[in-house]
Amino acid sequence: MESYPFTYDPGTPFIQQAADWIADVFYELLPEAGFEVRDEQIYMAFQLEKAFADKKTIFAEAGVGTGKTLAYLLYAVCYARYTRKPAIIACADESLIEQLVKPEGDIAKLARHLDLNIDARLGKSPDQYLCLKKLDQARIHAKADVNWEEIAASLPGFVYSSAPMQAFHAYGDRRNYPQLNDEQWNTVNWDSFQDCFTCDRRHRCGQTLSRDHYRRSTDVIICSHDYYLEHVWTYDGRKREGQLPLLPEHSSVVFDEGHLLESAAMKAFGYKMKHATFEELITRLLQNEIRESLAVLIDDSIVQSEVMFHAFGRYNHSVAGSDRREIILNETLLSEVRRFRDLLSAIEEELVFEGELYTLDHYQLRIVEEHMEMMQKALLLFEQSESTVICWVEDSPEGLMLSVMPGTVKELLKTQVFHLKMPVIFSSATMSVDSSFRYMADSLGVESFLSFSVDSPYAYQEQMEVLAPTWPLSEGFDGKMKEAVRLLQQTGGRALILFRTREELRLFKEHVKAEPKLGGMSIYYEGDGEISHLISAFQQEEESVLCAVSLWEGLDVPGPSLMNVIIWSLPFPPHDPVFNARRKAVADPFNEVDMPYMLLRLRQGIGRLIRSRDDSGIVVLLGEELRTNPEVRDKVKSVLPKGVELKS
């Protein structure tokens, strides 16, 4: 562990000393290196001092250009060294992680200009790693659109060796395979149905090796919201199984783009099930010497699982703009769920007796029991009121996939995150609604918190124009397309187009093929390759366009490569099962769910344009609601940066 970056006096409170040093950094050390003094950044640093001193939760809303990342990093590193536990920086997604750790990112800046050696390691989500088992399957069965043999041959030699490993060697990271689009990557990456416990490759697996590596970080571990919440959700279960939790004990947590935490929590605290996975798992017991009564129950459970999933496939309806199909809960469906649960309970009772006979492999038995316990928890949600369960089905290569999650996550977060006596920092440019943080605090179960809000130091009224073009609404998508083409020509590319759904992006991609005016322009689409490589290509090729669904937050492209942000549709939440559940829980769904979500996300999208004092450009809003709904137009105008007007 590195020493403190200042002379430590044991007779003075540590956080006070850290705050004094951080003030020197912002007032003297960084300005000497060419950084400007930012009053907003210094104000944020003093607010964070109280959160770390009192081990409190704080909502730190700071506009673009404040330098909020530098502020929270300095406190997190100092506090990690004081407590001898690393800090966790949880980002909204993997692209934000890459932004933080890139060679010209904030961690590298601090290390370079303060001569500060920061031990920062990545704790990436498992689905960002190659699965050796799935790669073997792809080599045998997959379509020949990718040379899987070449990918297998590029793996380190130790992967297929039994010799002892001498040192950590990272491999298998998604970013190492930029040539694969998302569909191809999903053929070979880890997914939640992979049984890692019994995998004979787990000690040579890139995911496992990376996990062992980041655990040893002494300063900072950087992960996604999803991964941190997966750590929270699986903590007790992994302890019971004799495994280490996903993340080590830590001193503080920073949720960067913290306004997205609730969505990540709902995803992490859910369950996914497939009939094929259950059948494969439960039939393992038949490979042991078991009593006939248990064997009959296993056969019956396989049949009932198939019947239950058939019922889920029958009782659902499609959701526009989403791959999720909402389940129609009725007595027929619920009775099939109860029959399956009864069979699982009977098997669990039989396994207690079988375990005492020592005829079952203990390791296999533990895996089966854990999986059945998970299924019982998920299916038990169907026995509760409809408002406490969110469920849907999706198609997958192995058949129907069922997803079930609790209707609210705030109780879980309250007991498993916010009860911990440690600093928890929510950092974002957009967290308040009508100057209040209550909307976020209530949805997350945060009862006691600190908060502050500071504006961006940029002169938006001089640097940015926000346009709401008019076109014949009767022309629909084609009308928007004409406007987009005109505006892309006007700025010579240099544009980010943000879509609300993947279906919108797909339609745009199809229409571009028939647009000769854009023929010479490079257009990059999210999903066609690894996201950080797409962003890098867009940044380096000035007259290009980047089309994305997930880059409303975190994308940082200063300079002439980004002078035009086109927002294809106002980012209202989809009418999928998750948001429908939220709507059912409030009196006024549009104003209590849809509008706050849209405004927060819109503010983030607008924030992609101006990333430095020298940037300038236009934001184009193509949402039809601006012309058809005066209330929406007024709300949008109210969240524009100070001094910026909405122009037709």
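User: Is Asp 54 buried, exposed or partly exposed?

Analyst: In this predicted model, Asp 54 counts as partly exposed because its relative accessibility is 34%.

User: Which residue does Asp 54 form a salt bridge with?

Analyst: The partner of Asp 54 is Lys 50, and the closest N and O atoms of the two are 2.9 Å apart. Lys 50 is partly exposed as well, with a relative accessible area of 45%.

User: Where do Asp 54 and Lys 50 lie?

Analyst: Both belong to helix α2, which covers residues 39-54. They are four residues apart, about one turn of the helix.

User: How many salt bridges are found in the whole structure?

Analyst: A search of the whole structure gives 36 salt bridges. As a general point, side chains of opposite charge can pair when their charged atoms come close.

User: What about Arg 506, which residue does it pair with?

Analyst: Arg 506 forms a salt bridge with Glu 503, with 2.6 Å between the closest N and O atoms. The two are separated by about one helical turn because they stand three residues apart in helix α20 (residues 502-512). Arg 506 is partly exposed at a relative accessible area of 42%, and Glu 503 also counts as partly exposed, at 35%.

User: Let us move to Ala 495. Where is it placed, and is it buried or exposed?

Analyst: Ala 495 sits in strand β14. It counts as buried because its relative accessibility is 0%.

User: Which residues is Ala 495 in contact with, leaving aside neighbours within four places in sequence?

Analyst: With those neighbours set aside, Ala 495 is in contact with Leu 488, Phe 538, Ser 544, Val 545, Leu 546, Ser 561, Leu 562 and Asn 564.

User: How far apart in space are Ala 495 and Phe 46?

Analyst: Their C-alpha atoms are 37 Å apart, and in sequence the two are separated by 449 residues.

User: Back to α2. At what angle does it pack with α3?

Analyst: Helix α2 packs with helix α3 (residues 68-83) at an angle of about 35°, and their axes are 9 Å apart. The crossing of α2 past α3 is right-handed.

User: Which residues of α2 and α3 meet there?

Analyst: From α2 come Gln 41, Met 44, Ala 45, Leu 48, Glu 49 and Phe 52. From α3 come Lys 68, Leu 70, Ala 71, Tyr 72, Tyr 75, Ala 76 and Tyr 79. By class, this contact has ten nonpolar, one polar and two charged residues.

User: How many residues does the largest nonpolar core have?

Analyst: The largest nonpolar core has 49 residues. Those with the most contacts inside it are Trp 21, Phe 26, Leu 48, Leu 74, Ile 89, Leu 114 and Ile 222. Helix α3 gives the most to this core, with ten residues. Apart from it lies another core, of 40 residues, including Phe 312, Leu 381, Val 389 and Val 404.

User: What does Leu 114 contact, beyond neighbours within four places in sequence?

Analyst: Leu 114 is in contact with Trp 21, Val 25, Leu 29, Leu 30, Leu 74 and Lys 109.

User: Finally, what is the phi of Arg 84, and where is Arg 84 placed?

Analyst: The phi of Arg 84 is near 65°, a positive value in a residue other than glycine. Arg 84 is in the loop between α3 and β2 (87-91), and it is exposed, with a relative accessible area of 57%.

User: What is the phi of Asp 115?

Analyst: Phi of Asp 115 is near 50°, again positive in a residue other than glycine. Asp 115 is found in the loop between α5 (106-113) and β3 (120-123), and at 72% relative accessibility it counts as exposed.

Note on methods
Residues numbered from 1 in each chain as written. Predicted model: local features only at pLDDT ≥ 70, side-chain atom pairs only at ≥ 80, totals over all residues. Heavy atoms only, no water. Salt bridge = Lys/Arg side-chain N within 4 Å of Asp/Glu carboxyl O. Buried < 20%, exposed > 50% of the residue type's maximum accessible area, 1.4 Å probe, protein only. Axes fitted to C-alpha atoms, helices over the stretch in contact; angles between N-to-C directions. Left-handed = near helix turned anticlockwise from the far one by under 90°. Contact = heavy atoms within 4.5 Å. Nonpolar A, V, L, I, M, F, W, Y, C, P; charged D, E, K, R; others polar. Core = buried A, V, L, I, M, F, W, Y, C linked by side-chain atoms within 4.5 Å.
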